[in-house]
Amino acid sequence: MPKLSSISSIWLSKYRYKDMAATGAVPRVITLFALSQKPMKIPQFSIQTLSLSTSKPIFTSLTNFSLSCPRFKSYNVSPCSTYYRLSCNSISAFTTNSNYEFFDGSSEVELRLPLGSQDFQSSRDIFVDADGTFLIVRIQRSGSLATLIETNHLFEKVKPAETIWFIDDDQLVINLKKQDPDLKWPDIVESWESLTAGAMQLLKGTSIYIVGSSTEINQKVARELAVGLGYTPLDTQELLETFLKQKIDSWVLAVGSDCLAEAEGAILESLSSHVRAVVSTLGGKHGAAKKADKWRHLYAGFTVLLSQTEAVDEDLAKEETRRYIQDGSLAYMNADVIVKVQGWDADHVKSVAQASLSALKQLILSDKKLPGKKSLYIRLGCRGDWPNIKPPGWDTSAQGDATS
């Protein structure tokens, strides 16, 4: 894959998860990873239509990366040269067979499926179909094909042309060559369990900040992520109310919303040097994340925006996000990952957390130096020069606003 510094990239993926609510009401989530610090030409988005008979919720992710230029002080997007596009489509992070053995080697992964008493004549009755993102294994018996395993979203990409399989006693052994030999696979599929295990090697202790218009949603998703990752859950509302010894609402009535943003900004400054934490921030118009000049310390970690939408389908939700990015007036658009949720239901908090973590995983895989850059940004004092970090001794007063 071309280096991130030279291209902008888009990933389009579909995820399907088991229905977690008895009512059948499920959220629709669209994630956009927006580290776009240089002018860009907004591309036309499209998603391959997938026809499946299922009642599971659909999660769609779209990524947009660019790290070579500083952010605009006005936060406006202007035309630029060619916008490069890289996309992939997949469905479902589940497998139809949980009875398997999985091993991760240095450059390949091995999957062992028990054949047991499967009634087949020879190896010619076994069909292994793999591409970069999925694996399907079928066996012909009694005149029909039976599926041994169907994994529609591998943990990461493989080299399908180098797939090798053979029969070892009563097991079918499949060797898949990894595209990225440095990435350790906790499991064959990308699930909540494999994501939380695998994300540790990618995040390298970098904290995560959850921002958005709903304090409640921020808190629930942040806690779910913290528990899954083994990070410390921190809540700016709880920290402020503990310090102020009163509820946020009553304090705002007494001193005004601007003071609240300043107070939360001070909390974020103190948390910016923390590692292995998931921080939920205040929602609504009073929070610090709502103000562009308060993002200096949010850049110390990876930021996830949870944004509710009234869009009735995926295309409209993408168009809504595209307009927001192009307009550039919302401070929330500074987030690394934007997750748009239609129809919030607390029963699906893990699904939203999983979509967010999957987005962060793809973001870091696009540039594995990102956690190190975040660490350097912290050590240099969170001066607001993210992502174009200046060398030690850089004079902010002489250079002007770092985001200009």
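1. Strands E4 (residues 101–104) and E5 run antiparallel and are joined by four bridges. Helices (H or I, at least four residues) and strands (E, at least two) are DSSP runs, numbered from the N terminus. Two strands count as paired if DSSP finds at least two bridges between them. Three residues separate E4 from E5 in a hairpin. Phe102 has Leu111 of E5 as its bridge partner.

2. This is a predicted model: local features need pLDDT of at least 70, side-chain atom pairs count only at pLDDT 80 or more, and totals for chains, interfaces and linings use all residues. Residues are numbered from 1 along each chain as its sequence is written, and side-chain values use heavy atoms, with hydrogens and water left out.

3. E5 also runs antiparallel to E10, with seven bridges between the two strands. Arg112 pairs with Val173 in E10. Five of the seven residues of E5 (residues 108–114) are buried, so the strand is largely enclosed by the rest of the structure. Buried means under 20% relative accessible area, exposed over 50%, and partly exposed in between (1.4 Å probe, protein chains only).

4. The largest nonpolar core holds 88 residues; Leu113, Trp185, Val221 and Trp295 touch the most other members. Helix H7 (residues 349–366) gives the most to this core, with nine residues. Such a core is a set of buried Ala, Val, Leu, Ile, Met, Phe, Trp, Tyr and Cys residues joined through side-chain atoms within 4.5 Å.

5. What does Trp185 touch beyond its neighbours within four places in sequence? Its contacts are Phe102, Asp104, Val109, Leu154, Phe155, Glu156, Lys157, Val158 and Lys178. Contact means heavy atoms within 4.5 Å.

6. There are five aromatic pairs. Rings of Phe, Tyr and Trp (its six-membered ring) pair if their centres lie within 6.5 Å; planes under 30 degrees apart count as stacked, over 60 as edge-to-face and the rest as tilted. Phe155 and Trp185 form a tilted pair, at 6.1 Å centre to centre and 55 degrees between the planes. Phe155 lies in the loop between strand E8 (144–151) and strand E9 (158–168), and Trp185 in the loop between strand E10 (171–178) and helix H1 (192–203), so the pair ties together parts that are 30 residues apart in sequence. Both residues, Phe155 and Trp185, are buried.

7. Trp295 and Tyr299 make a tilted pair too: 6.0 Å between centres, 45 degrees between planes. Trp295 is buried at a relative accessible area of 0%. Tyr299 is buried at 3%. Ring pairs link Trp295, Tyr299, Tyr377 and Trp386 into a cluster.

8. Two lysines deserve a look. The charged end of Lys361 sits over the ring of Phe155, 3.9 Å from its centre. Lys374 lies over the face of Trp386, 4.1 Å from the ring centre. The criterion: NZ of Lys or CZ of Arg within 6 Å of the ring centre and within 35 degrees of the ring normal.

9. Lys184 is in the loop between E10 and H1. Is Lys184 buried, exposed or partly exposed? At 40% relative accessibility, Lys184 counts as partly exposed. Lys184 and Ser106 are 78 residues apart in sequence, yet 8.1 Å apart in space, C-alpha to C-alpha. Not counting residues up to four places away in sequence, Lys184 touches Asp104, Gly105, Ser106, Phe155, Lys178 and Gln201.

10. Helix H5 (residues 257–271) passes a length check. At 1.5 Å a residue, its 15 residues should span 21 Å, and the end C-alpha atoms are 21 Å apart, which agrees. The expected span is 1.5 Å times one less than the number of residues. Among the buried residues of H5 are Leu260, Ala261, Ile267, Leu268 and Leu271. The buried residues pack against strand E11 (208–212), strand E12 (232–235), helix H3 (236–244), helix H4 (248–255) and strand E13 (277–280).

11. Backbone exceptions next. Most residues other than glycine have a negative phi, and most peptide bonds are trans. The Trp386 to Pro387 bond is cis, with omega near 0 degrees. Pro387 is in the loop between helix H8 (370–379) and helix H9 (396–399). Asp169 has a positive phi of about 55 degrees. Asp169 lies between E9 and E10 and is exposed, at 73% relative accessible area. Arg276 has phi near 50 degrees. Its place is the loop between H5 and E13, and Arg276 is partly exposed at 46%.
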